[in-house]
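This report describes selected geometric features of one protein model.

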Amino acid sequence: MTAPGKNLTVNADRLWESLEEMAQIGPGQRGGSNRQTLTDADAEGRALFQAWCEAAGMTMGVDQMGTMFARREGTDPDALPVYVGSHLDTQPTGGRYDGVLGVLGALEVIRSLNDLGIRTKHPIVVTNWTNEEGARFAPAMLASGVFAGLHAQDWAYDRVDAEGKRFGDELERIGWKGEEEVGARKMKAFFELHIEQGPILEAEGKDIGIVTHGQGLWWLEVTLTGKDAHTGSTPMNMRVNAGLGMARITELVHTIAMEAQPDAVGAIGQANVYPNSRNVIPGKAVFTVDFRSPDQGKLDAMRARLEAEAPKIAAELGLGFSIEPVGHFDPVTFDETCVAALRGAAERLGFSHRDMVSGAGHDACWINRVAPTAMVFCPCEGGLSHNEDESITKDWAAAGANVLMHAVVETAEIVG
C-alpha cells in the first residue's frame, strides 16, 4: 500500500463547526451533551448525521440494531470496505466529544477526500454504532457486541432502562430500526478515533496516542451480611459490621492492584450499605470491584487473589460472604498492520505520539473480534470525560482526524 503525502489533511474548521452543531442537539445543563441512546435527541442527531452523509455523496444503510453505515463507493465494487467511526450517543451528563469526534472525524475524512478529488479502490464506510455508552440500556457497546456475536439480538432488544422501557421498543419508536441483518457486513479493517478519556497525552505533551491494546475487565459483586444494630448502644466488640468489612476489602482491592503494577488498576466503584441509616450499623453491604489490565494473567490473578483473601476478612469480622462475576471481557490486542498504519501516519505528519493501552471499552474492542482493528487517541483537557466539562482543542481534533485520514486512505488504497 502507498502512503498518502503529508499534505493530505482535513478541513479543521469544518470539523470543529460540525462538532459544535451536533452539540446543539441534546444539550446538557452547562455546555455538555445529554443525547442518550434511542431518545428523541438521539433520533435528531442521527437525522443530522444522515443529511451530512448524503450531502457528501454517501448512501446510508441501517441494521436491525439501528447502527448507521454511510458508504462512499470505491473504484472496485467487489473490494472489502474500510470502516471508520464511533458513536453519537452520550452519557446523561456527557461531553461534546466522547464518541462524537470519532463519527464526525470520519465524516470529515470523506468530505476532505471529496474536496481533493481523491478516489480509493476500497469503499469507505462511516459508522455510528448504537448504544455504545450503555448509560440508558446496559451493557455498553451493545450494538457492536451483537454485530461481533457476543450478544443475541433478542437479548439486546429485551434490555430495559430505568423506566422499564425495552431497547427494541424504543428503537422502533424513534424510527431507526433498520432491515439489515446485524453482523452480515464484512470489513477489510475498522479504525476508531476517540478522545483519550485519561490524562497521559496532555501530561506528556503528546499529540497522538496509538492504541495497541485494550484492557480486559472483571466486575465482581461482593455481598457481605452482618447484623443491623444501634450505633450508640451496641458495644464495639459485639458488632457484626458489614460496612467495616467493605472498608477493609476496599483497602485489599487497592493493595492487589498496586502490587500488580505496571498495567493494572482496581477500585470499588459502586457501593451500597443497608439499611443506610445514620444511627444503624450496616447489616449488609453490596459493592462491585472493578479490576482491569491488558495482561490476561494479571487480570485473572487479581480476581483469584480477591476471591482467596476477601473471605478471610469477612470471616474475621463474623460476616457472611458471597462473590459473583457480573461483567467481563478479555484484553484486546489490536491488529499490527492497522496499528502500524496509524503510527506511520503520525510520524509522516510530524505529530509527537506514544503507544497506549485503552483504559475504557470502545466499539473497536468488540469489532476487533471480527475484523482487523485499531484506535487513535487525541488528548482531552485534564483527562476529563463522562462529564459536561470534557474539553479538547481544535488542533487536537484536527491532529487526530488527520492521522485517522492517512491510515484509512492508505488501507483503502488511493487510485491514480
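## Helix packing

In this predicted model, α3 and α12 cross in a right-handed sense. Helix α3 covers residues 100-116 and helix α12 covers residues 394-412; their axes come within 9 Å and cross at roughly 60 degrees. The two helices are therefore oblique to each other, since an angle counts as roughly parallel only under 35 degrees and as roughly perpendicular from 65 to 115 degrees.

Helix α3 also packs against helix α2 (residues 40-55), at an angle of about 15 degrees and with the axes 10 Å apart. That angle is under the 35 degree limit for roughly parallel axes, and α2 and α3 are therefore described as roughly parallel to each other. Here the crossing is left-handed.

A further pair is formed by helix α8 (residues 242-258) and helix α9 (residues 296-316), whose axes lie 10 Å apart at an angle of about 150 degrees. Angles over 145 degrees count as roughly antiparallel, and α8 and α9 therefore fall into that class. The crossing of α8 past α9 is right-handed.

## The largest pocket

The largest pocket has a volume of about 1500 Å³. Its lining comprises 50 residues, and those nearest the centre are L217, W219, D290, R292 and G361. Two or more lining residues come from each of the elements β7 (216-225), β9 (265-274), β11 (284-293), β12 (320-329) and β14 (353-358). Strand β9 provides the largest share of the lining, with five residues.

By residue class, the lining of the largest pocket divides into 21 nonpolar, 18 polar and 11 charged residues. As for its location, the largest pocket lies between domain 1 (12-214 + 331-415) and domain 2 (216-329), because both domains give residues to its lining.

## Backbone features

Most residues other than glycine have a negative phi, and most peptide bonds are trans. Against this background, the loop between β4 (124-128) and α4 (142-147) deserves attention. P139 is found in this loop, and the peptide bond joining A138 and P139 is cis, with omega at about 5 degrees. The loop between β4 and α4 also holds N131. The phi of N131 is near 55 degrees, a positive value in a residue other than glycine.

Another cis peptide bond runs from Q261 to P262, and its omega is near 0 degrees. P262 is located in the loop between α8 and β9.

Notes
Residues are numbered from 1 along each chain as its sequence is written. This is a predicted model: local features need pLDDT of at least 70, side-chain atom pairs count only at pLDDT 80 or more; totals for chains, interfaces and linings use all residues. Side-chain values use heavy atoms; hydrogens and water are left out. On a 1 Å grid over the protein atoms alone, a cavity is a set of points where a 1.4 Å probe fits but cannot get out, and a pocket is an open set with protein on both sides within 12 Å along at least five of seven lines; lining residues have an atom within 4 Å of a point. Grid points are joined across faces, edges and corners, and a volume is the space filled by probe spheres set on the points. Helices (H or I, at least four residues) and strands (E, at least two) are DSSP runs, numbered from the N terminus. Ala, Val, Leu, Ile, Met, Phe, Trp, Tyr, Cys and Pro count as nonpolar, Asp, Glu, Lys and Arg as charged, and the others, Gly among them, as polar. Domain bounds come from an automatic or database domain assignment. Axes are lines fitted to C-alpha atoms, for helices over the stretch in contact, and angles run from 0 to 180 degrees between N-to-C directions. A crossing is left-handed if the near helix is turned anticlockwise from the far one by less than a right angle, and right-handed if clockwise.
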